[in-house]
Every structure is written in structure tokens, then in C-alpha cells.
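This explanation leads the reader through the structure shown below.

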Number of protein chains: 2
Amino acid sequence: MRRFFYPASIVVFGVAENPRNLAKTIVSNCLEMGFKGEIYAVGRQPGRIHGKAIITDPETLPDGIDLAVILVPARFVAETLGLCGRKGIRRAVISTGGFREFSVNVSHVEKELLEVAKRYGIRLIGPNCIGVICPGSGLCTPFNPIQVKRLKNGPVSMVVQSGGVTTQAAYYFSEEHVGFSKIISAGNKLDLNEVDFLEYLMNDEDTQQIHLYLESIDDGKRLMELARGAKKPVVIFKSNVSATASSVAYSHTAALANDDRVVDGALKQAGIVRVHDLRELVVAAKALMLPPLRGNRLAVLSISGGFSVILGDACEKHGFTCPALPKEVISSIERYRRAGVIRLANPMDLGDVHDPKGLIVALKSCLDLEHIDGVVLAFLYDPEVEKIFGRSIGTPEQMLNFLKTLSQEKNKPIAFSLFARREDIEEFKQLNIFPVFNDPVESVQALHVLHDHWRRRNCN
Amino acid sequence: MRRFFYPASIVVFGVAENPRNLAKTIVSNCLEMGFKGEIYAVGRQPGRIHGKAIITDPETLPDGIDLAVILVPARFVAETLGLCGRKGIRRAVISTGGFREFSVNVSHVEKELLEVAKRYGIRLIGPNCIGVICPGSGLCTPFNPIQVKRLKNGPVSMVVQSGGVTTQAAYYFSEEHVGFSKIISAGNKLDLNEVDFLEYLMNDEDTQQIHLYLESIDDGKRLMELARGAKKPVVIFKSNVSATASSVAYSHTAALANDDRVVDGALKQAGIVRVHDLRELVVAAKALMLPPLRGNRLAVLSISGGFSVILGDACEKHGFTCPALPKEVISSIERYRRAGVIRLANPMDLGDVHDPKGLIVALKSCLDLEHIDGVVLAFLYDPEVEKIFGRSIGTPEQMLNFLKTLSQEKNKPIAFSLFARREDIEEFKQLNIFPVFNDPVESVQALHVLHDHWRRRNCN
């Protein structure tokens, strides 16, 4: 399986000079992402693409290429796969669509594909997919032009059933500075499916979290068994849960709807966290980088009274409580108030505490409390305010390092967000030192995911 | 009331040269925002701030200044207000905190403030607030440094109970290119409250929508009566709905929790749309710029199969249906498919339709259908793809103008989002021609708000 992601050489079938040719883009995506291996481009007409001669006689290909990417019309796929077999190729991404998902009449073509694959011992990703993106190796098999320079290497690997969602997830994860190690667009899952990928990723040392976007679960039992034994967090966004979606899902990736209550129960038992949105996957990824959240008791520190109120609502909505803090803790923080016009409670409005020492005392003493499982910190940041009050703990870098060290030391999560302009939030996020959530409410959602994860894990 | 937003002259009390002085910032915020009127700065110590001499003897102030902004310690506020009265000032923003919200013992001070105000006929905003931001006049009374250059003039006016939320809302609305006409930070609402502001904004010609963030509703009956007669959309984000929030809300803006079920029912009857998050306010603002949504039947057009599935789920979740489209419509669009590998339904996966004419036909014919009330359009945009396929209708500007004209002509909403990198989405958004939602799911949430609005309005 490893060479699906780190092949020494690849061959792309279906390439042409024609500006609208899609297979050509597979070559350019790999080149742009810095793929170091050999790339062979095969097509029907001679020509050159991206500095490479198009090979019109595939028999001249060397034997034992690691991976084939096939984007030829559906009726030629089986033939191409046979050729791969004869040439000693044992891995193929079949990008071509128009199989089962399009018409029941072509399912015999899929059967034929499987037969050819079996005959030669070829493992398949797809058909009807965009394959694999692996920033670590530079392999980028999508046939849609992707701004690959924007994609970031990171700790999350993803299995995504849909091609469009694959691209969008790659952008979201990169834009949020989480990055990803591998994305696999699984398509119709004719041979390899989410379970095979999960098994590989569980042992892949570049993968710290496994995320799944699925429109259907094909082998639920094996998936759940595997996930139960996973050391790494497994997060799923399962769509196709409505009657409206189910017909379009079938014609999209031949996905059959599952009974969602059954799915939900099974996921819970398997210790898989479930989210309900693509953006929530990114929130989950950040949340799961934090230390464990062992209970539902939070201390909320906010440098804005209004957000203390909003956060109080958000905590209760997500099943958290904000227990009263001991008097000693309150009075140790009260010493740092400026005008003494705000009363301190939990959620705590630190709007009046301008001395960074007050913030440090508040954070440390809350994390030290036995009846507090985690902290929500909603911080006001404005470069102008910093110049005057220096309210934060040094530069954004120092601040994030402080939070990281403190959170690890106390082994409790700090869900950190900022009241700030988007570009100032971006400044913190791109440092990628410690998770930064986009707003205070999102940080509570994140703790909800984290809490869910640890609850589900501990039930196993 | 108008001169609270467009004063010819203002005086700021509590200014000092001290770098940590907050009142000074009120002056600089106004200067930076381009306030054209006269600004007087009053303080106890002589000195200069932002090129202005600090006036230490307030008796030397000219008579009849339009607006006073008061940020002196709580115990001096009444005295300062009395001075304002004698000087013929009839409007004051009291920024100072430390009143009712801090301790029950100081409520007599509030009573005194009201007495002084009554004696001189002064109307008050606050105390414990940051006042008014009005990009149209350049008035910007917050005492926290605000990057005023970032704030955008726009059609939405807002009443916000909390100062921190005021600033953050101002950034959110500006960053999303919606902009705002006036934001009023209402604080403790000792004199003027949301009802007074609502009444003014209903007749303010620069205001097309009225948004409220409230932690408490003080005069629900009058608010509902007023809202029922409003020609403009009224949207509310009411927080302080949990036990956790209620104690902190009281110490924040002296807000008492209301019974949320009562609030919910009353808002419905009054035709006020309710949202549950600050970001949702911005989504609502964009939604309410679209033509009316008269029913719950949508056509969903998506240039990605995966998102057709996700959108199908989102539509059903929000109470929408996606009725089958007539065969003639389907076949008129099918002519534009490229490889003919995707079946068309509703939600419709247009991934295979690369000809912009196909998109135009799909949009027009769906909007023409009597049994379709609105369209969701999730569009794939990539400058690279555009170079090759030219899938979209011209430049981003031309595309948005096309959608705007079409939507107005058919008098039905098109909820438009993009699969794209964030900066490409930003390119569309900043044109500010037609609402662009941040992702496909958000566009369905937007239609939900719009539907809610029209349902509630039509019940009146």
C-alpha cells in the first residue's frame, strides 16, 4: 500500500496535447508538487506535454512501474488495466467516471475490471475518483488543476469519497494551517475502500489523525472493528443521510444510503467521532491536537464581557458546566484588575485585567483546579492595544508557545480563540504552534468534539 | 436622535496625555474615521493629544455642543453630566462602567444620573458601553483602539448590548464586505434602549436592515409592536439563554435573563428573525439582500457531486424540499454535458457541464419553474480552470452582475457559493455586487433565514 503514496515511478494514461485534455493535468500537478520519481505519459497521439514526449506505444514502457493513473474513456479502461498487468504494474488509480454510478448497465464493465485486476494482482483506487494527494512525496493525481503550492503537509490523513470534496478539504485544511499527510479520493470503491485505507493509515507514521468523508459505508463491521483498536483519533463526516441526498449520492459515487441511526450507534461504539460538516472536520483536527479532556467542567476566561455571556450559552448548549471557582483563585486574579469595575465569576470576564501577569495567574490557577477539566480562553488581540498595554504574553509566537507548554504541562486542553481582525487571527494561526480557533463559539465546539472523542475511547 | 450619529461637534471627557488613558482613543478613533465636526477634549491635567490642547476648565466650552462622550470615573459621571446640561448639551454617551452591573450598591448613582439627565433634557446612551460607530459621519466613540480604516459603510445598522461584541461585529460585517451604517453599543441601557434605537433606525434612510445583539429585552411589548410594523427586516441574536450565562450577563451589562420560550414565541409573532451566533448575523444580512423566498422548494445546482449530496442533506435539515425537475428542463441542460457520465437530478451535479451556456440554461429554466421558489448555486471556480474551460460567465464581476440581474428579474433568490480557495472566494466577495456565501452549506442556512423572514412577515 505504501507505494500508492510514495511511488518511485508513475505512468499516466489518457494524455493528449489538446488544451482541454484532463489527464495532462495529473502530470503537471505532480511536477508542481515536486514529485521526484519518473513520470511516463501515455496517449493515442504523439506530442509533448510539460516537457515530456507522449508515449503512443505503451508496450515500450519499462516493466514494474509503481503506479498507473488511468483517465481513458470507460470502454478502454479494462484494456488499459490489462496492459498495466502485463507490464508488471500492481497499483492503479482509475480516475475515469461513467461506471456503476451512471448506469446499471455498465456494472459488467466494473466486473471485468475486477477480473483483470485479480488476474494480475493489481490493487485499485476508484474508479470515478481523483486519486491521491501526498505532499510528502509530491504525488498529486487529481485531473483538475489544483493550486498545489497552497497545499500544506500536516498530521491528518483523509479518505474522501468525492473528488470535489477532496479538493475542497485539501484547501480547507491547508488554509487553516493544519495541513494533511495524505488525501485519498476513493470514488466508487470497486476494490480498495475506506477500511483498507484506514488499516494502512493506522500504521502510517506520518499520520496522527484519520479523517473520513463518506457517502456510504460498505463494510461497516470491519470498519468498526478496526477503529476500536485504533491508537489514533478517527473522525468521520458521513453525508447522504437524507432522502433528498440519497438519489444524487447514488449517481455520484454509487453510494447507497445507510440507516443513519444504526450508523450513529455503531460509530459511537467504535470510538469514532462524528462531525456534520466539512469545516467541522478542520475544527476536529485542531481539537484533537490538544491534551485529553476528561470531563465536562470548564473554566471560561474571556477578555470581553459580551463573549463571556455568549460562551456561557455555548458551553451549556454543548453539555459543559462552568463550576464556581474557589474564592482564593478569584481574589488572586482580582489583584490585577485595572479599574475594578468587573466582577469575576465563571465564565470570567477579564476585560478589566490588562496586566499579562493576571492572565497567567488566571490560566494556571484554573488549570490546577481538580474540578476543572479544561479551559476556554477567548483573548482580545489588537496590535495597537499591545503597543499600549502589552496585555498578551509577548509576541504571538511567545504567547502560543506559552499556551502550548502550559497545556502540556497540566495535561489539560486550552481552547484558544481571539477577538481580533481576521488578519491578526491569521498571524497566530499560521505560526502553527498551538491550535487557534476562528472564534470563541468554535473553540467550545472544538472542546465538544474532544470530549466526545475521549468519552467514546474510554468506553472501549 | 439623528445627531447622536451625525453630530456637528463633540466633547470627550476624561482625556489625559498618559499613554494608558482610554478617553484619548475616542478622539483618535474619530479623527481616523474622518469625523469632520469639531472635537473638544476635556481632562484634569493640561497637555496635548492628537494635536489638540486638553481643556482643563470645561466652563470654557462653547454652548450647545451636539454630543458628549463621558469616560471619567463612575463617581464623577453625574457631576460631568450636570456640567453638560448647563452647557446646553442634550446628548451623551456614558462609556464609564462600574454601575449597576458591578454592585447593587451603586444603583443610586444610576438614579442620580437619570435625575440629572431629566433635569436638563439630556438623552443617554450607556453607561458601560462604547457608544456609536457611524462610518457615514466618521463618528467612532469606542475607547478601545479600533482599526477604523478596516470598517466598511454598508446597509445594516446594529444595536449591540456589549462593547466587545460591538467591535467584533464591526470587524465581521466589514470583513465580509457587508458593511454597516451605524452600530450602537447600548451597555446598561439606563435611558435609551433597543426600542428607541429600533424606532429611529426604522426611519433612517441609510439603514436597510436592523440587527440586534441583546443579552436582555427590557421592553418586550413595545419592541414587538414596533417590529410588527417594520418595513425593514429585523434580525436578533439574543444571548443569555442559559443558567451559565445569566450570572455573568448580569455583571456584564446588568442584563436579566428572559424566559427564552416566551422570547422565541414573541419574536416569531413580531416577524423578527432569530439567529444564534454572531457569524449567523452576517449570513442573515447577506440573505436578506436577496429577493423574497416564498416557499420551501429549491433547485440545487452544484458543480461537484459530493457537494450535491452534502447540499441535499443540508436542504432537508433546514426544511427544504428539492422537487423533481421536468424532463424538458433536464434534457435542455443535458445537451451541454461534456463526457455524459453524470446523471442529472435535483440536487443537480453539473460537474460534467463545462459550457457556461449550460449553466445559464440550468439557472434560467429552474428559476422559471412555478414549483421552484429559489435556487442554490454552488460553483467551482479556479482561475486555472477558467483559463482552460471558461466555465463561468465571464469575469467574477460579470458573473455576479449576471446573477444579480437574473435573480431580480425572476424575483427569486439565488444563494451563491464557491468551491474555491479562500482568496478566490474573497475576490468575488469584495466586489460586493451580489451576496457570496462562504461555503455551500452556509448558502442553505442563508435561505433558511430568508424563508423564516418571509414566513414570519406574511403571518402579520
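In this predicted model, the C-alpha centres of domain 2 of chain A and domain 3 of chain A lie 30 Å apart. These two belong to a division of chain A into domain 1 (1-128), domain 2 (152-289) and domain 3 (298-459). Where domain 2 of chain A and domain 3 of chain A touch, the contact takes 13 residues from domain 2 and 15 residues from domain 3.

On the side of domain 2 of chain A that touches domain 3 of chain A, β14 (273-275) and α9 (278-287) of chain A each supply at least two residues. The element that gives the most to this side is α9(A), with 4 residues. By class, the residues on this side of domain 2 of chain A comprise 8 nonpolar, 2 polar and 3 charged.

The second topic concerns helices from two chains. Two packed helices are described by the angle between their axes and by the distance between those axes. Helix α4 of chain A, residues 163-175, packs against helix α11 of chain B, residues 305-317, at an angle of about 90°, and their axes are 5 Å apart. Because angles of 65 to 115 degrees count as roughly perpendicular, α4(A) is roughly perpendicular to α11(B).

The residues that meet can be named on each helix. From α4(A) they are A:Gly163, A:Gly164 and A:Val165, and from α11(B) they are B:Gly305, B:Gly306 and B:Phe307. Sorted by class, this contact of α4(A) with α11(B) has 2 nonpolar and 4 polar residues, and no charged residues.

Note on methods. Residues are numbered from 1 along each chain as its sequence is written. Chains are lettered from A and ligands numbered from 1 in the order in which they are written. This is a predicted model: local features need pLDDT of at least 70, side-chain atom pairs count only at pLDDT 80 or more; totals for chains, interfaces and linings use all residues. Axes are lines fitted to C-alpha atoms, for helices over the stretch in contact, and angles run from 0 to 180 degrees between N-to-C directions. Angles under 35 degrees count as roughly parallel, over 145 as roughly antiparallel, 65 to 115 as roughly perpendicular and the rest as oblique. Two residues are in contact if their C-beta atoms, placed from the backbone, lie within 7 Å. Ala, Val, Leu, Ile, Met, Phe, Trp, Tyr, Cys and Pro count as nonpolar, Asp, Glu, Lys and Arg as charged, and the others, Gly among them, as polar. Domain bounds come from an automatic or database domain assignment.
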